[in-house]
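Here are a few exercises to work through with the model open beside you. Try each one before you read its solution.

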Amino acid sequence: MSRRTALFIPGNNPGMLTTGDVLGADVLILDLEDAVALSEKDAARILVREALHSVPFTHVETAVRINPLDSPYWQEDLAEIVPAQPDALVIPKASVEAVQQMEKVIEQIEKEKGAEKKVRFLLLIESARSLLDLPRIAASSERNAALLLGAEDYSADMGIERTPFGKEIEYARFTLATTARAYGLDAIDTPYTDMEDRAGLEKDTRFAKSIGFTGRLCIHPAHIDPVTKVFNPTKEAIEEAIALLEAAEKARQEGIGVFSYKGKMVDLPVIHRAKSVLDTAKSGGLL
């Protein structure tokens, strides 16, 4: 499953809820947390529940961002949303305690309702404490599918200013991408908050990809296409990977381990990288 783009949609916006499937994102995050005022929490919860029951989300993975463990809303969120069978839940302010407490409630709901599938967890990392505890959080549940960076809340927690250049969040980015890879999870980068700066979005997303991120959170549909293009392998990269793997298979049949391809040594890590390119291309519908 490809999670190149994950688009936030306010849970209290019926228009966006009903049209989200055609926006082109890999994941729709139906938001019950930051995008919804306290006075509209109940209405948003019902709207999202009904959308999950009635809207044919056939082209996207559906995820719901519930309210955090330290709020009075998360249990009501789970009671309404889990029976509606979204593909995933986004857990804000993720911690081992949050994952484990919520999982106990979810398991009981799934048992009572006879759920056909287990909801996955997308864990939003938003604080210094969570960042330092990231390996334990990543390993806290078999439901965990991705680590998401929430740089705005992380920066606020750190007491540092967010800048367009992002130097202040590089440690968080490297740590999250590395941990996600170590635990077999997707690494989803923080949103790019400047709606108009297309060049800045593409440059920043290329950097995120270069350090191991596999996708990006989006807060506007206009960001879906440029982010998707960055995370998709190019036609040239796909063709090169296919040719390299063909050469590797020929070498294997000849009993050769390490071999030369276009003047460069090819060993197992290079072969794995080529396979990864093709896996990404297949999951993105490019092959």
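**Exercise 1.** How do the residues of the lining of the largest pocket divide into nonpolar, polar and charged?

*Solution.* Before we start, note that this is a predicted model, where local features need pLDDT of at least 70, side-chain atom pairs count only at pLDDT 80 or more, and totals for chains, interfaces and linings use all residues. Residues are numbered from 1 along each chain as its sequence is written, and side-chain values use heavy atoms, with hydrogens and water left out.

Step 1: find the space. The largest pocket has a volume of about 770 Å³. (On a 1 Å grid over the protein atoms alone, a pocket is an open set of points with protein on both sides within 12 Å along at least five of seven lines, and lining residues have an atom within 4 Å of a point.)

Step 2: look at the middle. There are 26 lining residues, and R181, F213, T214, S276 and T280 are the closest to the centre.

Step 3: sort the lining. You get 10 nonpolar, nine polar and seven charged residues. (Ala, Val, Leu, Ile, Met, Phe, Trp, Tyr, Cys and Pro count as nonpolar, Asp, Glu, Lys and Arg as charged, and the others, Gly among them, as polar.)

**Exercise 2.** Which element gives the most to the lining of the largest pocket?

*Solution.* Step 1: list the elements that give two or more residues, which are α8 (170-182), β7 (186-189) and α12 (268-283).

Step 1: pick the top one. That's α12, with six residues.

**Exercise 3.** At what angle do helix α3 and helix α4 pack?

*Solution.* Step 1: find α3 at residues 74-81 and α4 at residues 96-113. Their angle is about 30 degrees, and their axes are 10 Å apart.

Step 1: name the arrangement. The two helices are therefore roughly parallel (that is, at an angle under 35 degrees).

Step 2: see who touches whom. W74, L78 and A79 of α3 meet Q101, M102, V105, I106 and I109 of α4 (contact means heavy atoms within 4.5 Å). Sorted, that's seven nonpolar, one polar and no charged.

**Exercise 4.** How do the residues of the contact of α2 with α3 divide?

*Solution.* α2 (residues 41-54) packs on α3 at about 25 degrees, with the axes 9 Å apart.

Step 1: list the contact. α2 brings D42, R45, V48, R49 and L52, while α3 brings E76, D77, E80 and I81.

Step 2: sort them into three nonpolar, no polar and six charged.

Technical notes: Axes fitted to C-alpha atoms, helices over the stretch in contact; angles between N-to-C directions. Helix = DSSP H or I, 4+ residues; strand = E, 2+ residues; numbered from the N terminus. Parallel < 35°, antiparallel > 145°, perpendicular 65-115°, else oblique. 1 Å grid on protein atoms, 1.4 Å probe; cavity = no way out; pocket = protein on both sides within 12 Å on 5 of 7 lines; lining within 4 Å. Points joined across faces, edges and corners; volume = space filled by probe spheres on them.
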